Amino acid sequence: MDNILRVCIVGRHYDIPTQKISEETLQSLKKLLDDSQNINPKDLLKAFLEASETSNTLKTAIQKATQTLQSHQNS
């Protein structure tokens, strides 16, 4: 069971295969766990929204950089 992280969210247990997620994500999930392996849903939602915001920011920056490169190549 070393490759499974078992968490409980609102009384429901989930087994997360650790080999399918990054080490960074695994560590972030572990920070949300209390001593009973429970995750507060509000904390999980907050972490998800923050990660989503970061992802969207990076996507936008990559799109702008790609457009800038293309415009410089066309000049």
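Me: What is the accessible surface of the protein, and how much of it belongs to carbon and sulfur atoms?

Reply: An accessible surface can be split by the kind of atom that contributes it. In this predicted model, the accessible surface of the protein comes to about 6300 Å², and 53% of that area belongs to carbon and sulfur atoms.

Me: What share of the residues in the protein is buried?

Reply: A residue is called buried when its relative accessible area is under 20%. By that cut-off, buried residues make up 12% of the 75 residues in the protein.

Me: How does the radius of gyration of the protein stand beside that of a compact globule of 75 residues, and what are the spans along the principal axes?

Reply: A compact globule of 75 residues would have a radius of gyration near 11 Å, whereas the protein has 18 Å. The C-alpha trace spans about 60 × 25 × 15 Å along its principal axes. One pair of residues gives a further view: Asp-2 and Asn-74 are 72 residues apart along the chain, and their C-alpha atoms are separated by 52 Å. Asp-2 itself is found in the segment before strand 1, and it is exposed, with a relative accessible area of 81%.

Me: Which elements does the protein have, and in what order do they run from the N terminus?

Reply: The order of elements is read along the chain, before any contact is considered. The protein has 2 helices and 2 strands, and from the N terminus on they run β-β-α-α. Among contacts between residues at least 6 apart in sequence, 31% join residues at least 24 apart.

Me: How many salt bridges does a search of the whole structure find, and which side chains meet in them?

Reply: A salt bridge is read from the distance between a nitrogen of one side chain and an oxygen of the other, and the cut-off used here is 4 Å. The search of the whole structure finds 2 salt bridges. In one of them the side chains of Asp-15 and Arg-6 meet at 2.7 Å, N to O; Asp-15 counts as partly exposed at 40% relative accessibility, and Arg-6 counts as partly exposed at 40% as well. In another, the side chains of Lys-46 and Glu-50 meet at 3.7 Å, N to O. Lys-46 and Glu-50 are separated by about one helical turn, because they are 4 residues apart in helix 2, which covers residues 41-74. Glu-50 counts as partly exposed, at 43% relative accessibility.

Me: How many positive and negative side chains are there in the protein, and how far apart do the centres of the two sets lie?

Reply: Counting charges and locating their centres are separate steps. The protein has 9 positive and 9 negative side chains, and the centres of these two sets lie 7 Å apart.

Me: Which residues other than glycine have a positive phi, and where are they found?

Reply: Most residues other than glycine have a negative phi. Val-10 is not a glycine, yet it has a positive phi of about 50°; Val-10 is found in the loop between strand 1 (4-9) and strand 2, and it is exposed, with a relative accessible area of 68%. Gln-37 likewise has a positive phi, near 65°. Gln-37 is found in the loop between helix 1 and helix 2, where it counts as partly exposed at 34% relative accessibility.

Conventions:
Residues numbered from 1 in each chain as written. Predicted model: local features only at pLDDT ≥ 70, side-chain atom pairs only at ≥ 80, totals over all residues. Heavy atoms only, no water. Rg over C-alpha atoms; globule rule 2.2 N^0.38 Å. Buried < 20%, exposed > 50% of the residue type's maximum accessible area, 1.4 Å probe, protein only. Contact = heavy atoms within 4.5 Å. Areas by Shrake-Rupley, 256 points an atom, 1.4 Å probe, with all protein chains shown as cover. Lys, Arg positive; Asp, Glu negative; His and termini not counted. Charge placed at Lys NZ, Arg CZ, Asp CG, Glu CD.
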